[in-house]
Amino acid sequence: IDVTNHRHYNVLYFSLNGVLRDYIFSIIVEDYSYNSNIENEQSLDKTQMFHSTYNYTIQMFQIEFFVDANTQVGDWPFIFNTEYVTLHSNVLDTQLRVKKSNMDLQGPVFKEIKKITSNEINNTNKIAEIGWTMAIEDPINGFRDGFVVIKGEIDQSIYNISVSFNNVKNGGNKFLGEYDFKFNLTYPCISQQYIISDVLLIDSVNRKSEFSILPYNPIYSAISNPFLYFLNNPNINKIQVQCTNHPSASTDTTAPVLKSFIPSKTTIDVSALDRSVTFTFVAEDLESGLKANQYPIVYLTDTTSRSIECKSSIIEITETNATYSCTIQLPVGFGYSYPNMILLSVYGFVNNNGIFGGFSSNTLSLNHTSSITVTFSSDQPLIIQHQLITERGGNLILNGRKFSIDSEAYITFKDGSVSKIKTDFISSTAVKIPNVKATKDHYQIYIKSSNINSNTITVTPVVFDYYIHGDPEPTFPPTVTPVPTNKPQQCKGNPACGGPTNGKCIDNQGCVCYSPWVGIDCQSQIVIVDPPIFNNGSDNSTSPSIDIVVPDKNNTNGNNNTTPITYHSLISIISLREINIQNEVVKTITFKDDWLSKQIDDSTILFYKEFTKSTTDATTNITVTLKWFKNQTTISFAQEQLLMNPSTLKYTIEISNYPFENSLNHLELIMSASMQSNTTDDICSAKEFGETTNGDNSNYLKIQVDNYSLYGRFIRRGIIDSTIRTISNILLDKDMNPITSSKSLQSYIGIQIPYYKESAIIDPDFSILIDSYKASSVSNSICSNQSKLSGAKLAGIIIGGVAFIAVITISIIYYIFKKRIGARIFISKIFLKLNNNNTKNLHMQNL
């Protein structure tokens, strides 16, 4: 594999006889330069580990993993781990080999360091800013984030400063840029050195460099030291600060005193959703006062000596007193061991004369609350953590408590869509959520068990396959099939393309219309109408069926009916069919009015639905986003620039992974489009279906009632598994029995989607037109009174009648003169002449 600037996704497949399918195997990456834990980014001291699942399709175990970008070339080492045996990858018959890499095993380093110092701090110069400005370099992978800890050498004051590449100063970037690590000191103070005691810097693929004046892991420190360019300067991490002694310095020999210490709870249920406790406390130092920017820590310790920290913030500070507060959410079950008690202590008080101190649990017990009583009695379902899930989606395992066999998971994705999934029950402390859709974005999830909602957690998928410098060009992979283009067409209309004001004729393409004219003959105009009213879905019975109402503002027919004439156009998503290679329907999923919906903004609404194919447990999600374009806008879809006219409604339809019965099958999404009028007049309707001529390589459907039309555009390409593929659109009216009348006309369109694995996205749109001609003048129109025929149809009947009478007359003449010489020649000439005239008239009728 080539890992040049590319984190490379891969899968290890293997089979073992006599092993249960739910057995878990692991591989552990043997890479000492990379020691972050992908399952918990907060813990950076564990090795990469990937776990197995069983693939029922191929009947083998599989472990999905990645090889990080720019790792070492050669055989990729890992350890295959089971409960009973451990194997090194070098004993396997097959090796995974990194053949190419822009190798970078070094974490970020300090390229330049400038100290920020100050003159002596005294009663006149009462405040000073000190610290370091350091340029961080990581020329290959790029700097991500890190922190620097600065300590006072005498008073042990602590300044912990975190940075990320988002904090880079102007002119820099993640490969090389300056960052500030500085803080303020105020008078009174003491003279001492401030020392950088700890550093951790991490690059974009989690390779890190670290430094500590007390190395807790000398192996890692030797591998990557952020002060690599300054090893010959032992004082680069030190700054000396001079302070004039405060008058009370000689008499201040005592540490700050704790005046009050109040926890918000003295008893807490560590099985409940809310396990938070807040500590508010006040310290006093009458001689020199409390040092600013120092934040004491409350320590909570259980009877097994496990301890957690609650770092405070300063609520108020005066010359002699400081008020602090901190809040912490206790881990589930923390402290629930005999005698069910959490001991409290607080440390980190520093006064301005350099004296620090704290208060143990025993000391607190003399005057303050020193412990919290623990219970464990809640019946609330609770999610404690989630296991790893990648950007490819799939199965997600949650750990917690009080899960039941009827548990359901509710997932809210970044785009606002919501997925409800029946979980696979593992135990009361673990459930599996199958077929979570693929996404790189974080999402929110909670569990409903026994009709009780759990807490909500955030899941951030781990991206197993990406380029650290951004995706390479092109954005889309090469298409599997050629991108479709419409065939050449003749320019239609009289005059052609509606004349020079409406459009222009392009040879071998057809009419290209000028706004606001549209259509294959440029003789229809866009109608500006009010946007449809989107239902917010609160009744839980919505569907992406939109009714666009058009008032007939041009009605001059003299109708005395007091009811205003309106035209309704209805667009609906009907069903999804799986079709085999013999063009036989093998499965139909009919959509009912039970979609979930969410209003995104005034012009956009999202509909979401999931369904399960009866022959499998796999769940498929369909998301329909409807966007109303008030103004003319150009958008891009599948590398095609599309002009959205005013008052256009665009559907964006995304279907997630679907369990095809055969890879030769395809899907057909069926949409219905209809137009109707409430007029009492005698009118006609007509429909057209064909290919557009304006260069957008689409199909169009035009449903016309009188002189108003619903115009749908169906793009002949889609995004299938992130690849641009050909999409076919077909008219299904012969099979679907649509509504057909002079005042109401309906059509069904089948959007045919090729076989895919992950997702399919299609993008039709609809608008309303007013036509320069009525439907009665269209060939094959349907009229309310068939006796009231169009001029063209009447001409055809008249010509046909004349021809019939002529034939009868000639027959009589032939009978009378059949015995005369030359009669057959005479009759033949008349027949020939009539036939030529009839053919000429019929040709004019068609024009």
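Mentor: A contact means heavy atoms within 4.5 Å. The model under discussion is predicted.

Trainee: Among contacts between residues at least 6 apart in sequence, what percentage join residues at least 24 apart?

Mentor: The protein has 847 residues, and its secondary structure comprises 5 helices and 60 strands. Of the contacts between residues at least 6 apart in sequence, the share joining residues at least 24 apart is 67%.

Trainee: Is Phe 66 buried or exposed?

Mentor: The structure holds 40 aromatic pairs. One of them is edge-to-face and joins Phe 50 to Phe 66, at 5.2 Å centre to centre with 85 degrees between the planes. Phe 50 lies in strand E3 and Phe 66 in strand E4, 16 residues apart. Buried means under 20% relative accessible area, and Phe 66 has 0%, so Phe 66 is buried.

Trainee: Why do the rings of Phe 281 and Phe 349 count as an edge-to-face pair?

Mentor: Ring centres within 6.5 Å make a pair, and planes over 60 degrees apart make it edge-to-face. The centres of Phe 281 and Phe 349 are 6.0 Å apart and the planes meet at 85 degrees, so the pair is edge-to-face. Because Phe 281 belongs to strand E19 and Phe 349 to strand E24, the pair ties together parts separated in sequence by 68 residues.

Note on methods. Residues numbered from 1 in each chain as written. Predicted model: local features only at pLDDT ≥ 70, side-chain atom pairs only at ≥ 80, totals over all residues. Heavy atoms only, no water. Helix = DSSP H or I, 4+ residues; strand = E, 2+ residues; numbered from the N terminus. Buried < 20%, exposed > 50% of the residue type's maximum accessible area, 1.4 Å probe, protein only. Phe/Tyr/Trp six-rings, centres within 6.5 Å; stacked < 30°, edge-to-face > 60°.
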